[in-house]
Amino acid sequence: SMIDEGIHDGDLVVGSRRESAATGEMVVALVGDEATLKRFYPEGPQSRLQPANARMEPRFVPAADVKVQGIVVGLMRKF
């Protein structure tokens, strides 16, 4: 879902553990029991989790249901 950010299947992201994020930061978040990697946009009572893939729609989730686990600070790729 983050292909337009240069993150491909099999890549490893490096995160910094945080429980909050600024608008537009790339986060690892839990929504229920599902972990996801998206850009984070708090919008009042809901949060928009924005993929970086033109073929995917943003996900709108009640703000209370999004648990930020950390922000992305790096990327590792095997060749």
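Val73, with a relative accessible area of 54%, counts as exposed, where exposed means over 50%, buried means under 20%, and partly exposed lies in between, with a 1.4 Å probe and protein chains only. Please keep in mind that this is a predicted model, in which local features need pLDDT of at least 70 and side-chain atom pairs count only at pLDDT 80 or more, while totals for chains, interfaces and linings use all residues. Residues are numbered from 1 along each chain as its sequence is written, and side-chain values use heavy atoms, with hydrogens and water left out.

Val73 sits in strand β6, and together with Leu12, Val14 and Met76 it makes a nonpolar surface patch of about 350 Å². A patch here is built from residues with over 30% relative accessible area and no salt bridge, like charges being joined within 9 Å and nonpolar side chains (Val, Leu, Ile, Met, Phe, Trp, Tyr) within 5 Å; the areas come from the Shrake-Rupley method with a 1.4 Å probe, and for residues only the protein chains shown count as cover. At least two residues of this patch come from β1, and at least two from β6.

Let me step back to the chain. The protein chain has zero helices and six strands, where helices (H or I, at least four residues) and strands (E, at least two) are DSSP runs numbered from the N terminus. For 79 residues, a compact globule would have a radius of gyration near 12 Å, and the chain agrees with its 12 Å; this radius is taken over C-alpha atoms, and the globule rule is 2.2 Å times the number of residues to the power 0.38. The C-alpha trace spans about 40 × 30 × 25 Å along its principal axes, and buried residues make up 30% of the 79.

Now to the charged pairs: how many salt bridges are there? The count comes to five, a salt bridge being a side-chain nitrogen of Lys or Arg within 4 Å of a carboxyl oxygen of Asp or Glu. One of them joins Asp11 and Arg77, with the closest N and O atoms 2.7 Å apart. Asp11 lies in the segment before β1 and Arg77 in the segment after β6 (66–76), so this pair ties together parts that are 66 residues apart in sequence. Asp11 is buried, at 15% relative accessible area, whereas Arg77 is partly exposed, at 36%.

Another salt bridge brings together the side chains of Arg39 and Glu5, at 3.1 Å from N to O. This pair also links distant parts of the chain, since Arg39 is in strand β3 (residues 34–43) and Glu5 in the segment before β1 (12–17), 34 residues apart. Arg39 is partly exposed at 22%, and Glu5 is partly exposed at 35%.

Finally, I would like to turn to Arg48, which is placed in strand β4 (residues 46–50). Is Arg48 buried or exposed? With a relative accessible area of 19%, Arg48 is buried. Its side chain makes a polar contact of 2.9 Å with the side chain of Glu43, and another of 2.9 Å with that of Gln50; a polar contact is a pair of N or O atoms within 3.5 Å, and within protein one must be able to donate a hydrogen and the other to accept it, with residues adjacent in sequence counting only if both atoms are side-chain atoms. Leaving aside neighbours within four places in sequence, the residues in contact with Arg48 (heavy atoms within 4.5 Å) include Arg39, Tyr41, Pro58 and Phe60.
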